[in-house]
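Hi everyone, thanks for coming.

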Amino acid sequence: MPSLQSGSLTIHWSTRGDEHGEPFVFVHGNWTTSLFWRPVLDRLPARYRSVAPDLRGRGQTRAAPHDYSVPRLAQDLASLMDALGWSAAHLVGHSLGTAVILELALTDRARARSLTLVAPAWPDGMPRAYHVPDRQRLAQENLAIFAAAFRGIAPTAPNDAFFQELVAESHHQAPEATMATLDALRDWAPGDRLRALAGVPALVVSGERDMLSTREVGTRTADLLGARHEIVPGVGHSPNLEAPETLVALLDSFVKAPAGG
């Protein structure tokens with residue numbers, strides 16, 4: 001797994017595809033790692049060059065435990081792209097990862113060749129009902145509780161060896177990242193500022209059964225961005241695990257279409 005050292009930050013990432021192919025960056029959500037994207041990366045056409053980093057506090061990426069805000073995560077992503085020599089890429093995010101790529105694009109619009117938002121984060125800030133630190137602590141302390149919650153965000157994903165590996169790896173999230181992310185998602189509320197990204201080709205993908213990032217959240221996000229909105233039938237919060245073939249087909253057709261339309 002390649003890595004980058006930048007001050008107190010060490011970023012690790014997975015990669016696939018043609019070294020000289022069109023660049024993609026895949027950013028995972030909270031309570032998981034870059035492994036979350038493996039079903040998609042394994043199916044993506046080899047003509048693309050794909051990179052999927054571990055966010056700080058997850059997987060093999062570590063940093064001084066003082067800042068897990070969305071702007072800081074976006075800066076980490078910019079550092080990785082700079083190290084790769086990529087001035088721009090197709091940016092793909094899931095859940096928390098969608099906030100990261102949107103923040104990066106708001107800071108520097110030229111970074112985004114396109115934006116694909118899978119189960120997008122709440123553009124108007126995380127609802128108070130989800131800001132429950134005690135629930136997060138229980139998941140951190142008890143693997144069985146965490147595994148049950150993880151199944152809840154991917155209700156139709158196969159319960160195979162890969163899924164068990166993903167649960168085990170995801171559960172090792174740094175405790176400070178777990179607690180800080182609640183505040184980060186509450187505080188990240190760009191709302192109408194996202195309209196400034198109109199013109200950047202954008203695709204929003206929602207799971208029909210997603211009870212966390214609902215179809216209404218997807219519709220709101222798509223409206224702000226002037227984006228196409230696709231709803232994947234029969235799946236929950238994790239189309240990349242539950243319907244990877246469908247997600248790859250949507251992504252491939254989207255980036256090949258004129259102006260991302």
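Let's begin with the residues that line the largest cavity: Ile 11, Pro 53, Asp 54, Leu 55, Arg 56, Thr 61, Leu 73, Asp 76, Leu 77 and Leu 80. Before I go on, a word on the ground rules: this is a predicted model, where local features need pLDDT of at least 70 and side-chain atom pairs count only at pLDDT 80 or more, while totals for chains, interfaces and linings use all residues. Residues are numbered from 1 along each chain as its sequence is written, and side-chain values use heavy atoms, with hydrogens and water left out.

Rolling a probe the size of a water molecule over the atoms shows where empty space is left. On a 1 Å grid over the protein atoms alone, a cavity is a set of points where a 1.4 Å probe fits but cannot get out; a pocket is an open set with protein on both sides within 12 Å along at least five of seven lines, and lining residues have an atom within 4 Å of a point. Points are joined across faces, edges and corners, and a volume is the space filled by probe spheres set on them.

By this rule there is one cavity of 30 Å³ or more, and the largest cavity has a volume of about 70 Å³. Which helix gives the most to its lining? That is H2, with four residues. Helices (H or I, at least four residues) and strands (E, at least two) are DSSP runs, numbered from the N terminus. By class, the cavity lining has six nonpolar, one polar and three charged residues; here Ala, Val, Leu, Ile, Met, Phe, Trp, Tyr, Cys and Pro count as nonpolar, Asp, Glu, Lys and Arg as charged, and the others, Gly among them, as polar.

Staying with H2 (residues 70–84), its axis and that of H3 (residues 96–107) come within 8 Å and cross at roughly 70 degrees. Therefore H2 is roughly perpendicular to H3, a label for angles of 65 to 115 degrees (under 35 is roughly parallel, over 145 roughly antiparallel, the rest oblique). Axes are lines fitted to C-alpha atoms, for helices over the stretch in contact, with angles from 0 to 180 degrees between N-to-C directions. Contact itself means heavy atoms within 4.5 Å. Among the H2 residues that meet H3 are Leu 73 and Leu 77, and both of these also line the largest cavity.

H3 also holds Leu 102. Is Leu 102 buried or exposed? It counts as buried because its relative accessibility is 3%; buried means under 20% relative accessible area, exposed over 50%, partly exposed in between (1.4 Å probe, protein chains only). Beyond neighbours within four places in sequence, Leu 102 contacts Leu 115, Leu 117, Trp 188, Leu 194, Leu 197 and Leu 225.

Now the largest pocket, which holds about 780 Å³ of space. Its lining has 35 residues, with Trp 31, Tyr 130, Gln 136, Ile 153 and Leu 212 nearest the centre. H5 supplies the largest share, six residues.

Most residues other than glycine have a negative phi. Ser 95, in strand E5, has a positive phi near 55 degrees, and Ala 119, in strand E6, has a positive phi near 50 degrees. Ser 95 is buried at 16% relative accessibility, and Ala 119 is buried at 0%.
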